[in-house]
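This report walks through a single structure, part by part. Please keep the sequence and the 3D view open while reading.

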Amino acid sequence: MITSPSRFRLVVLGSAAGGGFPQWNCRCAVCSLAWANDPRVRRRTQASIAVSADGVHWALVNCAPEVLSQIQSVPALHPQAGLRHSPVAAVLLTNADIDHVAGLLSLREAQPFTLLATPSVQGVLRSSSAFDVLAEGVVARREVELGSSFDLVEGVSATIFPVPGKIALYLEARETAEKGALATDVEGEQTIGVELRAGGRRVLYIPGCAAMTDALRARLDGADLVLFDGTLWQDDEMVRAGVGTKTGARMGHMSMSGENGSIEALRQVNVGRKIYVHINNTNPVLVDGSKERIAANKAGWEIAQDGMEIAL
Ligand code: MLT
Ligand code: MN
Ligand code: ZN
């Protein structure tokens, strides 16, 4: 077999937050531009990345509802040999949100891969029998503990760590009924960040994060690349847009702008490249030339788009 030199390769399969962009039922100012095919915006599928060290074996971090079209648009992820094959050898989940797990239902068809998640997220999948299409004996479900490091796919190692966040939206009602309240910024197995290493490079993928902590800042320091929660520009953006009553804090997402925002939180942190992912359809940074896009770019942030390829 021809092996290519080991280096860190990453493809942004999807760059939008839950709902995608434009969202199927949304006519907010930003979605309206997309529905009108305004050239200042591009459509985006829900958040996921693919990573590889050799360009042959790939792992997905999260599995969006659009995984089929995402795979179809990335030649490296097409079946390469024989009658049945996939370069996707592993899928690692950062939480149990619909935008991160629903695509697993499309990865049936008796194709072996390893599905890695914290014990709590594996428990959520087990409790929903639809995921049994990923049959035992075909898909290996592996529980990975917070703080542990493991080989994710040939040449790529991963370390998972908790970040402030909450459980998936669809688990909230039960949790609130049981506990009387919902925690939206706790550190535990429900929301994790992933540190990936390959070819001597260090990359962090954190598509959901409710708040910056000193420990997280220290972990990000010196990374070659950070892909970070870009859900909202400002905390009350969805309320202002008239599309909902929830703030970013309520949804477990810190916003980009403001004194508690991620731009400020990471301004002094030494990171090779900073890219926002998991961008909500209401976020004005999606619009080329918007003042918010310009401000984010000026602060050193790129805005991910689907299909973006990075080799380090
Ligand atoms: C989130 O990131 O907060 C969730 O994806 C929201 C949702 O499931 O709609
Ligand atoms: Mn999400
Ligand atoms: Zn919208």
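Ala29 counts as exposed, because its relative accessibility is 63% and the cut-off for exposed is over 50%. The model is a predicted one. Ala29 belongs to helix H1, which covers residues 29-35.

Which residue lies 9.5 Å from Ala29, C-alpha to C-alpha? It is Asn283. In sequence, Ala29 and Asn283 are 254 residues apart.

## The manganese site

Ligand 2 is a manganese ion. Two residues coordinate this ion: Asp99 through OD and His278 through NE2. The distances run from 2.1 to 2.2 Å. Asp99 sits in helix H3 (residues 98-101), while His278 sits in the loop between strand S12 (274-277) and helix H10 (291-298), so the pair ties together parts that are 179 residues apart in sequence.

Are these two residues buried or exposed? Asp99 is buried, and His278 is buried as well.

## The seven-stranded sheet

The model contains an open sheet of 7 strands. Their order is S7-S8-S9-S10-S11-S12-S13, and the pairing is mixed. Strand S7 (149-153) and strand S13 (301-303) are the edge strands, each pairing on one side only. From one strand to the next, the twist averages 25°.

As background, strands of a sheet pair through backbone hydrogen bonds, in either the parallel or the antiparallel sense. The next section takes up both senses.

## Strand S10 and its partners

Strand S10 spans residues 201-206. On one hand it pairs with strand S9 (residues 192-198), in the antiparallel sense, over 5 bridges. Glu195 stands opposite Leu204 of S10. S9 and S10 form a hairpin, with 2 residues between them. Gly199 lies in the turn and has a positive phi of about 55°.

S10 also pairs with strand S11 (residues 225-229). Here the sense is parallel, over 4 bridges. Tyr205 has Leu227 in S11 as its bridge partner. How many of the 6 residues of S10 are buried? The count is 5, so S10 is largely enclosed by the rest of the structure.

## The largest pocket

The largest pocket holds about 670 Å³ of space. Its lining has 34 residues. Nearest its centre lie Gly18, Asp97, Leu169, Met251 and His253.

Which element gives the most to this lining of the largest pocket? H3 does, with 3 residues. By class, the lining of the largest pocket divides into 11 nonpolar, 18 polar and 5 charged residues.

## The second largest pocket

The second largest pocket has a volume of about 400 Å³. Its lining is made of 17 residues. Ile71, His85, Ser86, Leu107 and Gln111 are the ones nearest its centre.

Helix H2 (residues 67-72) gives the most to the lining of this second largest pocket, with 4 residues. By class, the lining of the second largest pocket has 8 nonpolar, 6 polar and 3 charged residues.

Note on methods: Residues are numbered from 1 along each chain as its sequence is written. Chains are lettered from A and ligands numbered from 1 in the order in which they are written. This is a predicted model: local features need pLDDT of at least 70, side-chain atom pairs count only at pLDDT 80 or more; totals for chains, interfaces and linings use all residues. Side-chain values use heavy atoms; hydrogens and water are left out. Donors are N, O and S atoms within 2.8 Å of the metal (3.2 Å for Na, K and Ca); water is not among the atoms, so sites may look incomplete. Buried means under 20% relative accessible area, exposed over 50%, partly exposed in between (1.4 Å probe, protein chains only). Two strands pair if DSSP finds at least two bridges between them. Axes are lines fitted to C-alpha atoms, for helices over the stretch in contact, and angles run from 0 to 180 degrees between N-to-C directions. On a 1 Å grid over the protein atoms alone, a cavity is a set of points where a 1.4 Å probe fits but cannot get out, and a pocket is an open set with protein on both sides within 12 Å along at least five of seven lines; lining residues have an atom within 4 Å of a point. Grid points are joined across faces, edges and corners, and a volume is the space filled by probe spheres set on the points. Ala, Val, Leu, Ile, Met, Phe, Trp, Tyr, Cys and Pro count as nonpolar, Asp, Glu, Lys and Arg as charged, and the others, Gly among them, as polar.
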